[in-house]
Amino acid sequence: MASHDELSRFLAETERRAYKQALFAIRNEHVALDIVQDSMLKLAEKYGGKPVNELPMLFQRILQNTIRDHCRRQKVRSRWVSLMSSLVPQHEEAEYEPLDSLQDEDNNSQGLAPDASFEQSQLIALIEEALIILPARQREAFLLRYWEDMDTTETAAIMGCSEGSVKTHCSRATHSLAAILRKKGVHLS
């Protein structure tokens with residue numbers, strides 16, 4: 001059973017990645033924050049007493065279901081309101097944390113020099129733009145497998161599909177991402 005501190009630590013470690021996942025799917029910063037907050041509350045209320053090793057998979061399942069529920073509600077709502085009012089705001093600037101960019105020479109966790117860090121941040125921005133273009137299922141499989149570092153079985157359980165489908169979605173996602181990045185001049189080695 002997870003203690004209060006273990007649950008708090010898990011949520012703190014997961015928060016930023018969960019926000020990015022929701023942002024990729026929803027493309028609205030405020031809604032993405034709401035979805036992450038709702039998912040965290042659901043996890044704490046319903047599954048807070050589960051063992052710590054079960055929390056990542058449970059949270060991903062809750063997060064993905066909350067994102068799907070939001071998309072369904074948006075789809076239904078858009079049928080009833082005018083086209084202009086149903087449009088979701090376009091891409092907004094990603095949240096910038098100035099403290100994330102600070103570098104201290106004695107701090108080994110900040111390993112990159114400013115120029116390398118800048119190049120890395122540009123590459124990450126290109127990858128994030130490319131992720132938005134991917135179909136939802138491919139993006140979901142890719143993020144769960146390569147970002148959340150879940151295995152095929154866990155990803156399949158969260159997505160509610162077979163392991164073969166997960167592998168297919170991941171393969172298509174990586175090929176699509178590589179093609180998109182190649183068009184932008186990024187050659188992966």
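Asp149 is exposed, with a relative accessible area of 66%; a residue is called exposed over 50% relative accessible area, buried under 20% and partly exposed in between, using a 1.4 Å probe and protein chains only. Asp149 sits in the loop between helix 6 and helix 7, where helices (H or I, at least four residues) and strands (E, at least two) are DSSP runs numbered from the N terminus. The phi of Asp149 is near 60 degrees, a positive value in a residue other than glycine. Most residues other than glycine have a negative phi, and most peptide bonds are trans.

This is a predicted model, in which local features need pLDDT of at least 70 and side-chain atom pairs count only at pLDDT 80 or more, while totals for chains, interfaces and linings use all residues. Residues are numbered from 1 along each chain as its sequence is written, and side-chain values use heavy atoms, with hydrogens and water left out.

The chain as a whole has 8 helices and 0 strands, and its pattern along the sequence reads α-α-α-α-α-α-α-α. Of the 189 residues in the chain, 31% are buried. The chain exposes about 12300 Å², of which carbon and sulfur atoms supply 54%; accessible areas come from the Shrake-Rupley method with a 1.4 Å probe, and for residues only the protein chains shown count as cover.

Leaving out residues up to four places away in sequence, Gln21 touches Gln60, Leu63, Gln64, Ile67, Leu143, Leu144 and Glu148. One of these partners, Gln64, is placed in helix 3 (residues 55-80) and is likewise buried, at 7% relative accessibility. Apart from its neighbours within four places in sequence, Gln64 is in contact with Gln21, Glu140, Leu144 and Ile158.

The aromatic rings give a further set of links. The structure holds 3 aromatic pairs. Rings of Phe, Tyr and Trp (its six-membered ring) pair if their centres lie within 6.5 Å, and planes under 30 degrees apart count as stacked, over 60 as edge-to-face and the rest as tilted. One of the pairs is formed by Phe24 and Trp147, which are tilted, at 5.7 Å centre to centre and 55 degrees between the planes. Because Phe24 belongs to helix 1 (residues 4-26) and Trp147 to helix 6 (residues 136-147), this pair ties together parts that are 123 residues apart in sequence. Phe24 is buried, with a relative accessible area of 4%, whereas Trp147 is partly exposed at 28%.

Phe142 and Tyr146 form another pair: their ring centres are 5.1 Å apart and their planes stand at 55 degrees, so this pair is tilted. The two residues are 4 apart in helix 6 and are therefore separated by about one helical turn. Phe142 is buried, with a relative accessible area of 15%, while Tyr146 is partly exposed at 45%. Arg145 lies over the face of Tyr146, at 5.6 Å from the ring centre; a charge sits over a ring if NZ of Lys or CZ of Arg is within 6 Å of the ring centre and within 35 degrees of the ring normal.

At the start of helix 7, a side-chain oxygen of Asp151 comes to within 3.2 Å of the backbone nitrogen of Thr153. Asp151 and Glu163 are 12 residues apart in sequence and 9.5 Å apart in space, C-alpha to C-alpha.

Helix 7 (residues 152-159) has as its buried residues Thr152, Thr155, Ala156, Ile158 and Met159. They cover an arc of only 165 degrees around the axis, so they lie on the same side of helix 7; the arc is that of the directions from the helix axis to the C-beta atoms. Just after helix 7, Gly160 takes a positive phi of about 70 degrees.

Notes. Polar contact = N/O pair within 3.5 Å; in protein donor to acceptor, adjacent residues only side chain to side chain. Contact = heavy atoms within 4.5 Å.
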